[in-house]
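Subject: Structure for you to look at, with notes

Dear colleague,

I am handing over the structure we spoke about, and below it you will find my notes on what turned up.

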Amino acid sequence: MSNYVAAIDQGTTSTRCMIFDRSGSVVGIAQKEHQQIYPQPGWVEHDALEIWQRTEEVIRGAVGKTAVSPHQIAAVGITNQRETTLVWNRHTGQPYYNAIVWQDTRTDKICATLAKEGGQDRFRSRVGLPLATYFSGPKIRWILDNVPGVAEAAERGDAIFGNIDTWLIWNLTGGVNGGSHVTDVTNASRTMLMNLQTLDWDDEILSIMDIPAAMLPRIVPSSDPHTWGSTLPNGPFGLAIPICGDLGDQQAATVGQTCFGVGEAKNTYGTGCFMILNTGTEIVHSQNGLLTTLGYKLGSDRAVYALEGSIAITGALVQWLRDNLGLISNAAEVETLANSVADNGGIYFVPAFSGLYAPYWRSDARGAIVGMTRYVNKGHIARATLEATAYQTREVLEAMKKDSGVELTALKVDGGMVHNELLMQFQSDILGVPVVRPQVAETTALGAAYAAGLAVGFWDNLNDLRDNWQIARTWQPQMDSEQRERLYAGWLKAVTRTFDWVEG
C-alpha cells in the first residue's frame with residue numbers, strides 16, 4: 001500500500017528530497033548544497049550536472065534514512081528555483097553552458113534593446129512580467145548569442161531549453177533515452193514567453209526574441225494525473241514511480257500553505273523573499289510593480305492566477321555576511337549577533353546586489369549600507385541585515401493592497417528564515433499584523449508533494465490539504481505606529497540612495 005509521497009525541492013543553494021505521509025508530516029529528508037559560481041560581477045551560475053548528481057544523492061539519502069520502501073511511495077513531485085536557465089543537447093545530455101541563475105544580471109543590455117520598442121512593459125499585458133534580467137527568455141537569447149554552436153544546434157532541434165524542473169524531470173524519466181521534456185504552467189509563466197490566457201508559448205514573442213519553438217518543453221498542468229513519465233528502475237528511487245507534480249518553488253509554497261482562496265497570501269523567506277496573493281481564475285494586471293503569474297493548475301481545472309512580489313536578496317544577505325565578510329560562521333549566528341544590540345544603530349542595509357526587484361524593477365541599483373557612524377558595530381550590521389528582509393516585505397505588501405484592494409489581516413510565512421525569532425517579531429512589528437508560521441515550515445516541498453498526491457488520489461481534494469495545515473507559532477505586533485512609520489520612512493529614503501549606480 002502507498003503511504004507516502006516524495007518531493008524533490010531543488011533550490012538556489014541546495015537540493016533536498018523530502019518524504020511526507022498523509023498528514024503532511026515529514027518522515028524523511030536529505031539535503032546537499034551545490035556550488036555558487038560567480039564568473040564576473042553580476043553573473044551567477046550553477047553546474048547543472050552537479051545539481052543532477054546532488055538530486056540523485058538526496059533521493060537515495062532520504063529513502064535510506066527511513067524505513068520507507070520505494071514501493072510505498074505513491075508519486076513524486078518536483079519544485080525548483082524558477083527562471084534559472086539551462087540549454088543542453090538532447091542526444092548527449094550535456095549542457096552547452098552552466099545554468100544561468102535567476103539572480104544573474106548579464107542580460108541587462110538584451111532587456112534594454114527589447115524595451116526600445118514599447119518600453120519595459122512591452123510584453124506585460126500578455127505575460128504579466130516586465131522586461132527584466134530576472135526572467136528566462138532573455139537568458140536563452142544570451143546563450144544563443146554567446147555560446148558557440150548553440151544557435152545552430154537549436155535550429156536543428158538538438159539544443160533544448162528547460163528551467164531546473166524540466167532538467168530534473170528529463171533526467172529522472174530517461175534523459176537521452178526518451179526523457180520527458182515538459183514544464184508546468186507556473187514555471188512557464190516565469191520565462192516571459194508564455195501567454196497567460198492561452199497557457200502556451202507566445203509565437204510573436206518567440207519571433208521577437210528569435211527563440212526557436214523547438215527548443216521549448218511542452219507545457220502541462222502543475223498536477224497531472226496523466227503522468228509525464230516515471231522514475232527509472234535503475235535510477236535513484238530504484239523503481240518506477242510516477243512523476244505527476246511540478247510547481248515553481250514559490251507557487252509550491254502557496255499550495256503547501258493551502259492558500260486556495262482568493263485573497264489568501266503567503267511569504268517565503270529563502271535566498272530571496274517571495275510573497276504571493278491568490279487572485280483566483282482572474283488575471284489581475286498590477287499597476288504597482290508586482291508580477292502577474294500562474295498560481296497553479298490542478299489537472300483539468302481552470303488555472304488559478306496570482307500576484308507576486310519578488311525580492312532578490314534576503315537569506316542570501318545572511319550568507320553574504322558569512323561567506324564574504326566572515327562576520328558569522330553559520331547562518332543561525334546572525335540572530336545572536338543581532339540580539340547583541342538594542343536597535344540598528346541608525347543604519348539601513350539595502351541589498352540591491354542584483355538590482356531591485358518588486359516593486360521598483362531597477363536593474364541600475366546596487367547594494368548600499370547608509371547612515372554609518374563610528375558608533376556602528378557588527379551587531380548593528382547583523383540587525384540591519386535581518387530588518388532589510390522585513391522592510392522589503394512591507395513594500396511588496398503595500399503594492400498588493402493597492403492592486404487587489406485586499407487588506408491583509410495576517411501573513412502566513414515559511415522558509416528557512418522563519419525560525420529566526422528576532423526577524424519574525426520585527427516583521428510583525430513593521431507590518432502591524434500577526435505573522436503565522438505553520439507546523440511544517442518547509443512548505444515548498446510540501447506543495448510539490450500535494451500536487452503529486454492529488455494527481456494520483458493520495459489526497460482526495462483541497463479540503464484534505466486544508467485539514468493538514470496547523471499553526472506552530474504566531475507573532476503579534478508590539479511596536480507603536482509612530483515608531484513603525486518613522487523606521488519605514490527611513491528605509492524608503494535609504495532605497496533611493498541605491499538608484500542609478502550602474503550607468504548606461
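A residue is called buried here when its relative accessible area is under 20%, and that cut-off is needed for the first point. Please also bear in mind that this is a predicted model.

**The central sheet**

Strand S5, which covers residues 73–80, has 8 of its 8 residues buried, so the strand is largely enclosed by the rest of the structure. S5 belongs to an open sheet of 5 strands in the order S3-S2-S1-S5-S13, and the pairing in this sheet is mixed. Its edge strands are S3 (26–33) and S13, each of which pairs on one side only, and neighbouring strands are turned against each other by 15° on average, with direction ignored.

On one side, S5 is joined to strand S1 (residues 4–10) by 6 bridges, and the two run parallel. Within that pairing, Ala7 stands opposite Gly77 of S5, while Ile8 has Ile78 as its bridge partner in S5. S5 is also joined to strand S13 (residues 243–248), again in parallel, through 5 bridges, and here Asn80 stands opposite Gly248 of S13. Helix H9, residues 249–256, lies across both S5 and S13, and runs at about 105° to S13.

**A covered helix**

Helix H6 (residues 164–172) is mostly covered, with 9 of its 9 residues buried. Among the buried residues of H6 are Trp167 and Trp170, as well as Asp165 and Asn171. After H6 comes Gly174, whose phi is positive, near 135°.

**Aromatic rings and charges**

A pair of aromatic rings is described by the distance of the centres and the angle of the planes. In this model, the count comes to 23 aromatic pairs. One of them is formed by Phe458 and Trp459, whose ring centres are 4.7 Å apart and whose planes stand at 90°, so this pair is edge-to-face; both Phe458 and Trp459 are buried. Elsewhere, Trp102, Tyr134, Phe135, Phe274, Tyr357 and Trp361 form one aromatic cluster.

Two charged side chains also deserve a look in the viewer. The charged end of Arg106 sits over the ring of Trp43, at 3.8 Å from the centre of that ring, and Lys412 lies over the face of Trp469, 4.3 Å from the ring centre.

**Cysteines**

How many disulfides does the model contain? The count comes to 0 disulfides. A disulfide is a covalent bond between the sulfur atoms of two cysteines, and the cut-off used here asks for sulfur atoms within 2.5 Å. For Cys244, the closest cysteine sulfur is that of Cys17, and because the two are 14 Å apart, they are too far from each other for a bond. Cys244 counts as buried, at 0% relative accessibility, and Cys111 counts as buried as well, at 6% relative accessibility.

With best wishes

Note on methods
Residues numbered from 1 in each chain as written. Predicted model: local features only at pLDDT ≥ 70, side-chain atom pairs only at ≥ 80, totals over all residues. Heavy atoms only, no water. Buried < 20%, exposed > 50% of the residue type's maximum accessible area, 1.4 Å probe, protein only. Helix = DSSP H or I, 4+ residues; strand = E, 2+ residues; numbered from the N terminus. Pairing = 2+ DSSP bridges. Phe/Tyr/Trp six-rings, centres within 6.5 Å; stacked < 30°, edge-to-face > 60°. Lys NZ or Arg CZ within 6 Å of the ring centre and 35° of its normal. Axes fitted to C-alpha atoms, helices over the stretch in contact; angles between N-to-C directions. Contact = heavy atoms within 4.5 Å.
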